[in-house]
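Try each task before you read its solution.

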Amino acid sequence: MEGKMKAIVKNNAGPGAELMDVDIPTPGPGQVLIKVKSTSICGSDLHIYKWNNWAEKNVKLPQIMGHEVAGKVIALGENVKSVKEGDFVSAETHIPCGHCYQCKTGNRHICENMKILGVHTDGVFAEYAILEEVDVWHNDPSIPAESASIQEPLGNAIDTIRAGDVTGKEILITGAGPVGLLAVGVARAFGATKIIVSEPNEYRRKIAKKMGADLTLDPINEDLLSLVIKNTDGRGVDFTAEMSGNKNAIQQGLKSVRPGGSMALLGLPDDPISIDLTQDLIFKAVNLIGITGREMFKTWYIAGRLLKENRLNLSPVITHTFPLADFEKGMKLMEEGNCGKIILKP
Ligand SMILES: [Zn+2]
Ligand SMILES: [Zn+2]
């Protein structure tokens, strides 16, 4: 397709990004072009916007930002077989190589040669975007575009909560940023019988309640461990989902797990941290599980079904909607933390 489109482009190494007119891209073999209906801001977008160490190492400039998306397919590249024009789609953001050991053994989400949409390729904060056919997810038409674009982080939450096999269990979620809040809703939908949420930000604690938390606590001003013990008949939780990457949350979250319980970690600490392996892990026979991204495409089937069948209400998490041009407002809100998920609409 000929013509120009608006896009949020990261041009320079350093903080910031620009809304610019750029060429509408042409889909190559195995790619499709979509007209973007809705996008949402991820924590990693904020890292790229602010240009932290991780962004500097991974992102080649200039590049269109963004990876969480829903839109309509308007053009197909050569050899595309499973997608047609007019399809309402979202995108998995892992772009796997397809031939490494992990890819060939059912673990494409931890591909050795992984590329990420909006990190290693041009992203979706634009009027149009290119998706790889392998990453296209067909949405049920009943799902609103705003919710559909959130399925990618919802997949992170699903993978994390799935690791805890939470049905009938008492669980702790440390960190109620957007993915932590989604995890609360997922844990509720999966049948966790008690959900304790630890989060310093009051605004986010309130959303956690709306998403189904039974108890929220402020780990800065309250004693997380003693509150967990008190609320689990003195045992500790069956499972901790660590969503913050905060050192204290990781250490306290692990201490909060009962003997024989488990803990999954999705949040990324900036630096190495120490944990008491002997007391908190080995003697308690605790199972510690790392989570990255989301399994392709198990989590998408679960996300799609939860949304289609109204088993998960995302509206408390979607706190703001801005036009693409106001992306800086969204980034500022993300940085301050008084928000859930922020939608950007072209
Ligand atoms: Zn994301
Ligand atoms: Zn691979």
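**Exercise 1.** Find which residues are linked with D159 in a network of salt bridges.

*Solution.* This is a predicted model. The network joins D159, R162, E295 and K298. Start with one link: R162 pairs with D159, and their closest N and O atoms are 3.5 Å apart. A salt bridge needs these atoms within 4 Å, so the pair qualifies. Next, locate both residues. They sit in helix α5 (residues 151–162), 3 residues apart, about one turn of the helix. Last, check the cover. D159 has a relative accessible area of 7%, so D159 is buried. R162 has 31%, so R162 is partly exposed.

**Exercise 2.** Classify K84 and D87, whose side chains meet in a salt bridge: is each buried or exposed?

*Solution.* First, the contact: N to O is 3.2 Å. Then apply the cut-offs: buried means under 20% relative accessible area, exposed means over 50%. K84 has 55%, so K84 is exposed. D87 has 9%, so D87 is buried.

**Exercise 3.** Determine where the partners D238 and R258 lie in the chain.

*Solution.* Their side chains form a salt bridge of 2.5 Å, N to O. D238 belongs to strand β14 (residues 237–242), and R258 to strand β15 (residues 257–265). They are 20 residues apart, so the pair links distant parts of the chain. D238 is buried, because its relative accessibility is 14%.

**Exercise 4.** Decide whether F283 is buried or exposed.

*Solution.* Locate F283: the loop between α10 (277–282) and β16 (287–290). Its relative accessibility is 64%, so F283 is exposed.

Technical notes:
Residues numbered from 1 in each chain as written. Chains lettered and ligands numbered in written order. Predicted model: local features only at pLDDT ≥ 70, side-chain atom pairs only at ≥ 80, totals over all residues. Heavy atoms only, no water. Helix = DSSP H or I, 4+ residues; strand = E, 2+ residues; numbered from the N terminus. Buried < 20%, exposed > 50% of the residue type's maximum accessible area, 1.4 Å probe, protein only.
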